[in-house]
Structure formats: C-alpha cells, structure tokens
2 protein chains.
Amino acid sequence: MSIKSMKDLFFHSLKDIYSAEKQIAKNLPKMAKAAGSAELRSAVEKHGQEADQQIERLETIFAQRDVAARPLRCEAMDGIISEAKDLMADVNDKFVRDAGMLSVAQAIKHYEISRYGTLIAWADQLGYQDASKLLREILVEEQATDQILSRIDVAAIDKKAA
Amino acid sequence: MSIKSMKDLFFHSLKDIYSAEKQIAKNLPKMAKAAGSAELRSAVEKHGQEADQQIERLETIFAQRDVAARPLRCEAMDGIISEAKDLMADVNDKFVRDAGMLSVAQAIKHYEISRYGTLIAWADQLGYQDASKLLREILVEEQATDQILSRIDVAAIDKKAA
C-alpha cells in the first residue's frame with residue numbers, strides 16, 4: 001500500500017471494489033444454482049450478470065486516468081463469499097439455505113453500496129466527472145438490486161424454514 | 001458449521017456478529033487515536049464504546065436461549081479491520097488517512113446494519129420477542145452512528161486531502 005494522495009486512495013479503493021466485483025461475478029452463478037426459491041435464484045443471477053458489466057465500467061475508469069486495472073484482493077468480500085460457500089456446502093434444508101443465502105446477498109449489496117458511495121464522493125472531489133458518472137450508474141444498479149432482494153418474500157422463505 | 005434449522009442459522013449468525021462486535025470493540029479505540037479530525041475521532045470512539053454495550057446485549061440473547069456465547073470468527077469484519085490497520089500504518093498524510101478511515105467506519109456500519117436487519121427478521125419469525133427487542137435497540141444505535149458518520153464534514157476532510 002503506497003497511498004500519498006486522494007488520487008492514490010481513490011485508485012486503491014477502486015482496485016478493492018474491482019476485485020470484489022470479480023469475486024461476485026465468479027461466485028454468484030454458483031450461488032444462484034444452489035437457490036431453492038425461483039425468486040431468489042433469479043435475483044442472484046441478475047446480481048452476478050450485473051457484476052460483469054460493472055467490471056467493464058471500472059476498467060473504463062482505470063483507462064481514463066491511465067492507471068493499470070489490477071484487482072487488489074478484497075478481504076471483506078472474500079469473507080462474505082466464504083460464508084456463502086459454507087452455507088451452500090453444509091446446509092441441507094433448502095429453505096434454511098435460502099434464508100442464509102438471501103442474508104449473504106444483502107450483506108454483499110450493502111458492502112458495495114457503502115463503497116460506491118465513498119468512491120463517488122472522492123471522484124467528485126478529485127474532479128473526475130467521467131468516473132463519477134460511471135460510478136453513479138453502478139450505484140443506481142446496486143440500489144435497484146438491493147430493492148429486489150428486499151422485496152423477495154423473506155417471510156415465506158423463513159416460514160417454510162422455521 | 002452444523003445448521004439444520006432456522007434456530008441454528010439464527011445463532012450461527014449471532015455468533016458471527018458477536019465476533020464482529022468484539023473485533024470492533026478491540027480495534028476502534030486504536031482507530032480513534034489515529035484520527036486527525038476531532039469530529040472523526042469522537043465518532044469512532046463512540047462507535048467503539050457502543051460495541052461494548054452491544055456485546056452485553058448479545059450475551060443476554062444467548063443466555064435467554066441457553067446457547068453458549070461463542071464468537072465465530074467473522075471473516076468479513078476481519079477483512080474490513082485489516083484494511084483499517086493498513087491505512088493507519090501506511091498512510092502518512094493525516095487528511096488522506098482520515099478520508100480512508102471514515103470510509104472504513106462506514107463500511108463497518110453498513111455491514112452491521114445489514115446483519116442486524118436479518119437477525120431481527122429471523123428472531124421475529126422464531127418468536128424470540130425478547131431477542132428481537134434487544135436487536136432492535138442495537139439497530140437503532142447503529143443507524144444513529146451511521147447518521148453521525150454521514151454528517152461528518154467529509155467534503156472538508158476530502159478538500160484538505162486533495
């Protein structure tokens with residue numbers, strides 16, 4: 001870590017979320033397959049597909065400032081995804097597994113929303129209007145998916161699991 | 001991980017956030033000391049002190065159902081706190097460090113808010129009204145601290161850092 005300026009901090013954080021999006025794109029299709037509820041499966045699939053497009057937008061931001069797009073291992077996302085893998089491997093009851101997976105999907109979204117909020121503030125401060133625009137597009141998508149996850153009939157999943 | 005029912009999932013998740021709160025209580029006083037801005041220092045101190053009280057409430061919930069209060073290493077929180085430690089160790093410019101630390105504090109809060117939201121839904125589903133009440137008290141505190149963090153004059157911190 002060699003962070004001397006806000007520009008360094010911005011790209012450090014961008015590399016972190018770039019790594020997180022790559023982990024999401026890689027692992028969410030597996031999570032979707034493991035979902036028992038069709039609604040949850042579809043939301044998790046959408047979330048994974050969006051990550052692919054978001055990775056491209058992040059690569060554009062790196063290119064705009066001639067910074068190498070190198071993922072910086074995001075330990076927080078590693079931790080959340082490792083929990084998802086444990087749930088998929090060890091929980092046999094499909095309703096209990098769905099309840100756990102929905103909770104993990106929401107934790108992933110909240111982490112992303114927090115990080116993109118910060119990145120937008122920093123991009124604005126640094127005068128990176130092109131980057132700010134792309135980051136805002138991503139944030140809007142993240143918030144929409146969070147809303148879809150919130151609308152999933154958790155009560156029905158939980159009721160079957162209880 | 002041996003999760004067969006919603007009760008198992010609830011206590012698995014409770015042990016995870018119990019571990020997260022212990023990591024927060026241990027590490028946030030160090031983060032507070034490293035803060036350059038008095039406003040940020042005070043918000044981070046408050047956040048750390050609240051964790052101590054929240055740990056007690058979580059222990060009450062374990063006791064109410066005769067479940068051993070054993071922390072289950074929360075890898076997501078490990079990852080976020082490890083990032084905070086790197087920032088404190090490696091970033092010399094105090095304004096840049098503050099901007100990074102504020103972002104980490106917000107990521108911690110968002111993770112907690114997401115997790116407590118889930119735990120409240122599950123406690124309600126399981127009919128654990130006593131637990132639900134305590135978890136709601138914690139969530140209200142978490143949201144209030146998140147508001148305080150959001151009100152910190154980020155623009156001023158970022159401007160000095162830019």
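## An exposed loop residue in each chain

At 76% relative accessibility, A:D66 counts as exposed, since the threshold for that class is over 50%. This value, like the others in this report, belongs to a predicted model. A:D66 sits in the loop that links helix 2 (38-64) to helix 3 of chain A. Its phi is near 55°, a positive value in a residue other than glycine. Most residues other than glycine have a negative phi.

In chain B, the loop between helix 2 (38-64) and helix 3 contains B:D66. B:D66 is likewise exposed, with a relative accessible area of 76%. The phi of B:D66 is positive, at about 55°, although B:D66 is not a glycine.

## The interface of chain A and chain B

The contact between the two chains involves 39 residues of chain A and 39 residues of chain B. Together the chains bury about 3,200 Å², of which 59% lies on carbon and sulfur atoms. Two salt bridges are found across this interface. The side chains of B:E83 and A:R115 form a salt bridge, with an N to O distance of 3.3 Å.

On chain A, the side that touches chain B draws at least two residues from each of helix 1 (6-34), helix 3 (75-90), helix 4 (94-126) and helix 6 (154-161). Helix 4 of chain A provides the largest share of that side, 15 residues. Sorted by class, the side of chain A that touches chain B comprises 18 nonpolar, 11 polar and 10 charged residues.

## Helix 3 of chain A

Helix 3 of chain A consists of 16 residues. From its first C-alpha to its last, this helix reaches 22 Å, close to the 22 Å expected at 1.5 Å a residue.

The buried residues of helix 3 of chain A are A:A76, A:M77, A:D78, A:G79, A:I80, A:I81, A:S82, A:E83, A:A84 and A:L87. Both chains take part in covering these residues. The cover includes helix 1 and helix 4 of chain A, and from chain B it includes helix 1 (6-34), helix 3 (75-90) and helix 4 (94-126).

B:T118 belongs to helix 4 of chain B. With a relative accessibility of 8%, B:T118 counts as buried, because the limit for that class is under 20%. Residues up to four places away in sequence apart, B:T118 touches A:S103 and A:Q106.

B:E112 is also located in helix 4 of chain B. Its relative accessibility is 0%, so B:E112 counts as buried. When neighbours within four places in sequence are set aside, B:E112 is in contact with B:I17, B:E21, B:I24, B:H47, B:Q54, B:M77 and B:E142. One of these, B:M77, is 35 residues from B:E112 along the chain, and the two C-alpha atoms are separated by 9.3 Å. In an α-helix, which has 3.6 residues a turn, residues three or four places apart point the same way.

Conventions. Residues numbered from 1 in each chain as written. Chains lettered and ligands numbered in written order. Predicted model: local features only at pLDDT ≥ 70, side-chain atom pairs only at ≥ 80, totals over all residues. Heavy atoms only, no water. Contact = heavy atoms within 4.5 Å. Buried area = accessible area lost by both parts, 1.4 Å probe. Salt bridge = Lys/Arg side-chain N within 4 Å of Asp/Glu carboxyl O. Helix = DSSP H or I, 4+ residues; strand = E, 2+ residues; numbered from the N terminus. Nonpolar A, V, L, I, M, F, W, Y, C, P; charged D, E, K, R; others polar. Expected span 1.5 Å × (residues − 1). Buried < 20%, exposed > 50% of the residue type's maximum accessible area, 1.4 Å probe, protein only.
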